[in-house]
Amino acid sequence: MIPFFFLVSLLALPADTFGAPTDIVPISGQTISLRRNQSPRDVIEWGALAKRQRDNLIARYGGPKTKKRSTGYNMVVNQDSDSIYYGSLAIGTPAVSFDVQLDTGSSDLWVASSSCGTSCGSSPTYDPSSSSTFQNLSTPFDIQYVVGYAAGYVAQDIVQMAGFSVSNQGFAVVDSMSDGFLTSPVSGLLGLAWESLASSGQMPLWQTLASSNTWDSALFAFQLTRYKNDTTAQELEPGGVLTMGYTNSSLYTGSIDYIDIPGTPSYWYIPLTTLTVQGNSISITSGTTAAIDTGTTNIGGPASSIEAIYAQIPNSQPATGEWEGYYSYPCSTTVNVEVSFGGATWSISPTDFAITQISSTECIGAFFEVSTGTGAPSWIFGDAFLKNVYSVFRYNPPSVGFANLSSIAIAENGAGGTVPSATIGAIIAAATNTSDAPRRHALSASVSALLFLVLSGVLLL
């Protein structure tokens, strides 16, 4: 007979003692593999392949074994002539791919739900009931953007992107949003800023990968294409590339100029030190900061500074109607803008300064008035700036880096080619999101049977 005190001791032990799984982790997974433009994108492909082969040989033959780390990349799509840049990821078991806007100005991942209704338009939607690894955290989600809102609830599932798989990744399932917020085929948004900004309270996908040493280097980088000056551009064009865990040296020249975030990481914000227009300096108050935001098309700043910018452009004036907050200026004027964030000086192409032409002689400028909230950066530098540089977002030390684009990168502007589309491929590295994740102490079959025998023994005593 089993002694009673021994049976009681077994009952008092936590389930973990018997080897019960505390998290559901897939044995194998899938990830995103995208079709690519043959030229010049084959440089990106060959570079990634060469690096992977070298890393494999080092891991196989060189030195002591270390925790596997890796790199990946996601081909970007340029939607509506530089208005939105999106990439692809996959969610669930089995994995289903979605296109999501890539936004370094926010921190939440969300996708439209199958219960969203007409407000989601014709965008593909996520069906939680189709995923065996879905967990509803039963936490409301609501986020407000300048262009609208999205609302739903917080959940967890396996999320895969650029060859990486993250179990228990937090995200929002959105069942309500502003009409017209999404334009098909985009189904949601991937926030790439820091966890402290997340309305969901969940650690962003990139931060999970960076903090878990899954990447070779704890950073991600963008090269974005320009099509706004291409009169033959289609609604969707090749948009560049997002690399994870490395920088692609074929896409930039010289060194990367890093500027540290001056305080607690939230936005990717850095000091704005100088700004010149037509060779004339615009007064910048000491301590001014700027957020570097791939999710913003143009460049926003304080009203007084925006007024000073257009004062350097003869015959410019405040625009009206839907263009309130913007300025018009003569299309015949070539506007030269240079900016520094405390290091090197970067130029903004006159092409990117001009948003659009509103009459036979007038254009709208990319710099517009914005009033940000308390504690937020007073300037927002979006894609009108980022198309002119190779941009790097580094985890530690928290910083943003810029470099000059290479001739290979510049040649992709307006080059056309096959638009990347999402497919499901192989996992190269995996991580688990453990930040505020509810641990599921589900009992294994063997442990359940053991406890049943113990209880039976107790009842027979």
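Asn315 sits in the loop between helix 4 (303–310) and strand 18 (317–318), where helices (H or I, at least four residues) and strands (E, at least two) are DSSP runs numbered from the N terminus. This is a predicted model, in which local features need pLDDT of at least 70, side-chain atom pairs count only at pLDDT 80 or more, and totals for chains, interfaces and linings use all residues. Residues are numbered from 1 along each chain as its sequence is written, and side-chain values use heavy atoms, with hydrogens and water left out.

**Backbone in loops**
- Phi of Asn315, a residue other than glycine, is positive, near 70 degrees, and Asn315 is exposed at a relative accessible area of 68% (buried means under 20%, exposed over 50%, partly exposed in between, with a 1.4 Å probe and protein chains only).
- Ser81, in the loop between strand 2 (72–79) and strand 3, also has a positive phi, near 50 degrees, and is partly exposed at 30% relative accessibility.
- The peptide bond from Thr93 to Pro94 is cis, with omega near 0 degrees, and Pro94 is found in the loop between strand 3 (84–91) and strand 4 (96–103).

**Whole chain**
- The chain comprises 8 helices and 29 strands, and 50% of its 461 residues are buried.

**Confidence**
- The chain averages a pLDDT of 84, with 79% of the residues scoring at least 70; pLDDT is the predictor's confidence in each residue, from 0 to 100.
- Over residues 437–461 the pLDDT is below 50.
- Where pLDDT is low, the predicted coordinates should not be read in detail.

Notes:
Contact means heavy atoms within 4.5 Å.
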